[in-house]
Amino acid sequence: MPRSVLVTGGARGLGLEIARMFAAAGDAVAVTYRKGEVPDGLLGVRCDVTEEKEVAAALAEVREAHGPVEVLVSNAGIIDIGLLPRVREEDFYRVLDTNLGGAFRVAKAVSRDMIRMRRGRMIFISSVAGFKGTAGQTGYAASKAGLIGFSRSLAREVAKRGITVNVVAPGLLDTDMTTDVPQSARDQILAEVPLGRTARLEEVAATAVWLASDLAGAVTGAVIPVDGGGSMGY
Ligand SMILES: NC(=O)c1ccc[n+]([C@@H]2O[C@H](COP(=O)([O-])OP(=O)(O)OC[C@H]3O[C@@H](n4cnc5c(N)ncnc54)[C@H](OP(=O)(O)O)[C@@H]3O)[C@@H](O)[C@H]2O)c1
């Protein structure tokens with residue numbers, strides 16, 4: 001039986017790579033998107049994760065098509081770059097509301113079915129910025145650090161219901177989110193990475209797929225950096 005998998009923000013970037021890897025393994029995969037096209041082989045459900053009603057409607061659509069969500073990958077996220085004195089309050093809260101608030105809304109919505117089924121996997125895409133910190137990313141890093149406390153608390157809440165909750169923390173990736181990162185900043189990041197390179201999208205996706213596998217059944221409350229070793233020791 002294919003599992004019902006939901007990847008938020010799964011129509012492009014890292015989310016798409018994750019969605020494709022689950023689909024290739026035989027799962028029934030739904031992805032949230034806000035506009036544009038959804039690649040073949042995936043069920044697209046329109047949803048802005050900052051809107052509780054849209055999250056509820058998207059979940060109902062997935063349940064109707066694929067059954068209750070058994071694997072959630074909470075991946076949708078945005079970044080706002082700027083030094084603190086220049087960060088507008090509305091932008092700070094927009095990042096928190098999308099990255100942390102969105103994860104809260106979607107996790108809450110899927111948790112009811114998972115608790116009833118007494119099984120489920122939740123995987124939250126954080127960032128090494130959440131524990132290492134990154135200049136110019138106070139709001140983003142706060143949201144990604146928040147995901148760690150959120151997931152670990154949830155992991156404790158639902159462990160006895162057969163549900164695992166884990167975090168994947170990538171370093172710099174090659175997606176739309178980072179197209180504006182100048183080469184000088186990339187070089188600076190890479191200089192601190194023992195492997196001398198950051199992860200490919202499929203390496204991050206494979207970590208999420210593994211966390212949702214039977215063999216990862218004893219892993220919960222973990223935070224797994226996939227970043228070439230750049231955050232080692234944090
Ligand atoms: N790129 C990196 O270097 C890096 C490093 C560490 C962690 N991450 C994390 O990886 C995740 C994926 O990022 P990415 O690199 O793939 O960036 P991306 O290409 O910019 O994709 C961002 C995704 O988030 C979705 N999204 C944004 N706001 C949303 C909202 N309000 N409601 C629903 N979906 C929303 C977008 O959906 P639409 O298609 O609807 O716009 C898109 O699918 C993020 O959580 C990011 O923080 C990225």
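1. The shell around the ligand is made up of 12 nonpolar, 11 polar and five charged residues; Ala, Val, Leu, Ile, Met, Phe, Trp, Tyr, Cys and Pro count as nonpolar, Asp, Glu, Lys and Arg as charged, and the others, Gly among them, as polar. In total 28 residues surround the ligand, with R34, N75, Y140, L173 and T175 the closest (near means a heavy atom within 4 Å).

2. A word on the source: this is a predicted model, where local features need pLDDT of at least 70 and side-chain atom pairs pLDDT 80 or more, while totals for chains, interfaces and linings use all residues. Numbering runs from 1 along each chain as its sequence is written, and side-chain values use heavy atoms, leaving out hydrogens and water.

3. Now the polar contacts (pairs of N or O atoms within 3.5 Å). A polar side-chain atom of Y140 sits 2.6 Å from a ligand oxygen atom. Backbone N or O atoms also take part: that of G9 is 2.9 Å from a ligand oxygen atom, and that of V49 is 2.9 Å from a ligand nitrogen atom. The protein covers 95% of the 890 Å² of accessible area that the ligand has on its own (Shrake-Rupley method, 1.4 Å probe).

Note on methods. Polar contact = N/O pair within 3.5 Å; in protein donor to acceptor, adjacent residues only side chain to side chain.
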